[in-house]
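I opened this entry to go through side-chain contacts one kind at a time.

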Amino acid sequence: MSELNNISVEVGQAASAAPKVNLMGLDRDAMESYFASIGEKSFRASQVMKWIHQVGVSDFAEMTNLSKVLRTNLAEQAIISAPEIISDNLSEDGTRKWLLKVPGKSAIEMVFIPEDTRGTLCVSSQVGCTLNCSFCATGKQGYNRDLTTAEIIGQVWLAKHMLAEQYQTDKRIVSNVVMMGMGEPLMNFDNVVAAMNIMQDDFCFGLSKRRITLSTAGVVPKIDELKEACPVSLAVSLHAPNDELRNVLVPINRKYNIKALLEACNRYVADSQRARITFEYVMLEGINDELEHAHQLAALMKTVPGKVNLIPFNPFEGIEYKRSSNSRINRFRDILHNNGIIVTVRKTRGDDIEAACGQLAGDVMDKTRRAEKFRQSLSEKIQ
Ligand code: SAH
């Protein structure tokens, strides 16, 4: 399935020439099918994937363990291409954010967060988002399109090589990938799964499932599909402890309510004793940070193996919500903790370059008109 998508979508040629396949976006199955389709043995898949993802080569001429004839044929039929870099910003705390250009006059964002024991890359899955969570900058922009597999894995590919230059080392700098950038990864299921397959492949990035986290606002049927297709670590954007409030903050809750969501979470970790789901909870002053909310959340958390990550709200232009004060965040955290729930408070990183969670905006050619409505309501408020 995904291989056909990749082959048909990722073309890099004018209409007159035969479409070129972008090998960047082919996972192992797709790559083996591709080589079979041109009469080559399947071990070519490993060779080429290693060149592309481990060595970082995008020119077939450099693939010296392939015959000259094969290199020439590949150059005629295929390309290796990642998104283009529009801008590259380094924060005082070491966080680095890139704005990347993707076809369709759009841009997406990617962020790298270095910590003492790990380096986390936050990757986008869509240009914009359809889910329209009320506190999210990406949601306010509307939705343009899904990213292709090559555009998703191309972010990891770019980051790996740019960070190797920055840190002057061949050692693994990206130790973790989180699908927490722009978009809802489960709404672009096939391409995201293919990209996560490439992240895990030993001939590519060799990351274990536990080091890849997919964050979802709660597309319930797709959580079950993910368990079958690619059971990586799961994070769930809960943000409210009851349906009334969650319907407003995370509108997909009107389709899949908290009960259905938590049942899906339980199914996701059913056969693994150690697995825990991370529940993200954005702290919005006076909205979802009252004592009763903390108690309601504690009660919910007793029904599912998980931990809570409190995210101080990151404001952006035109949004009315405010970040909860530290004392309210700590009070909330303590109630959960005293109820035996594992809880952490996310450190906000990259504030000075607007790289914090929920601030990724890119540049979307909006097809849904939501952005226009948003701008209108903004200017009405200002007047
Ligand atoms: N669509 C996915 C992944 C993208 S957002 C999801 O909803 O999980 C990654 C996380 O950032 C989500 O938990 C999201 O709710 C949160 N987030 C969005 N806007 C935010 C903001 N302004 N401040 C803090 N966190 C935010």
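How many aromatic pairs does the structure hold? I looked them up in what is a predicted model. The structure holds 5 aromatic pairs.

**Rings**

I began with Tyr34 and Phe35. Their rings form an edge-to-face pair, with 5.4 Å from centre to centre and 65 degrees between the planes. I checked burial for both. Tyr34 has a relative accessible area of 4% and is buried. Phe35 is buried too, at 0% relative accessibility.

Next I looked at Phe112 and Tyr167. The ring centres are 6.4 Å apart and the planes stand at 75 degrees, so I logged this pair as edge-to-face. Which elements does the pair tie together? Phe112 is in strand β5 (residues 106-114) and Tyr167 is in helix α6 (residues 149-167), so the pair joins parts that are 55 residues apart in sequence. Phe112 is buried at 2% relative accessibility. Tyr167 has a relative accessible area of 35%, so I put it down as partly exposed.

I also found one aromatic cluster made of Phe313, Phe316 and Tyr321.

Lys222 lies over Phe189, at 5.1 Å from the ring centre.

**Core**

In soluble globular proteins, nonpolar side chains tend to be buried together. I looked for that here. The largest nonpolar core has 111 residues. Which members touch the most others? They are Leu23, Phe135, Met196, Met199 and Leu226. Helix α6 gives the most to this core, with 9 residues. I then compared the core with the domain bounds. Domain 1 (2-79) and domain 2 (84-382) each supply at least three residues to this core.

What is Leu226 in contact with, leaving aside its neighbours within four places in sequence? I listed Leu186, Phe189, Val193, Met196, Leu214, Pro231, Val232, Leu234 and Tyr268. Met196 is on that list, and Met196 is also among the core members that touch the most others.

I followed Cys122. It lies in strand β6 (residues 119-122). Is Cys122 buried or exposed? At 9% relative accessibility, Cys122 is buried. Leaving aside neighbours within four places in sequence, Cys122 is in contact with Met110, Val111, Val178, Met180 and Gly181. I checked Val178 in particular. Val178 is 56 residues from Cys122 along the chain, and their C-alpha atoms are separated by 4.9 Å.

**Charges**

I turned to the salt bridges. The structure holds 16 of them.

Where do the two partners sit? Arg28 is in helix α2 (residues 28-37), and Asp201 is in the loop between α7 (189-200) and β10 (212-216). The pair links distant parts of the chain, 173 residues apart. Arg28 is partly exposed at 21% relative accessibility. Asp201 is buried, with a relative accessible area of 12%. I noted that Glu32 joins Arg28 and Asp201 in a network of salt bridges.

The next entry is Lys227 with Asp271, where the closest N and O atoms are 3.0 Å apart. Lys227 is in helix α8 (residues 220-229) and Asp271 is in the loop between α10 (258-268) and β12 (277-283), so this pair ties together parts 44 residues apart in sequence. Lys227 is buried, at a relative accessible area of 19%. Asp271 is exposed, at 65% relative accessibility.

Arg328 is in helix α12 (residues 326-338) and Asp289 is in the loop between β12 and α11 (291-301), so the pair ties together parts 39 residues apart in sequence. Arg328 is buried, with a relative accessible area of 19%. Asp289 is buried at 0% relative accessibility.

Technical notes:
Residues are numbered from 1 along each chain as its sequence is written. This is a predicted model: local features need pLDDT of at least 70, side-chain atom pairs count only at pLDDT 80 or more; totals for chains, interfaces and linings use all residues. Side-chain values use heavy atoms; hydrogens and water are left out. Rings of Phe, Tyr and Trp (its six-membered ring) pair if their centres lie within 6.5 Å; planes under 30 degrees apart count as stacked, over 60 as edge-to-face and the rest as tilted. Buried means under 20% relative accessible area, exposed over 50%, partly exposed in between (1.4 Å probe, protein chains only). Helices (H or I, at least four residues) and strands (E, at least two) are DSSP runs, numbered from the N terminus. A charge sits over a ring if NZ of Lys or CZ of Arg is within 6 Å of the ring centre and within 35 degrees of the ring normal. A nonpolar core is a set of buried Ala, Val, Leu, Ile, Met, Phe, Trp, Tyr and Cys residues joined through side-chain atoms within 4.5 Å. Domain bounds come from an automatic or database domain assignment. Contact means heavy atoms within 4.5 Å. A salt bridge is a side-chain nitrogen of Lys or Arg within 4 Å of a carboxyl oxygen of Asp or Glu.
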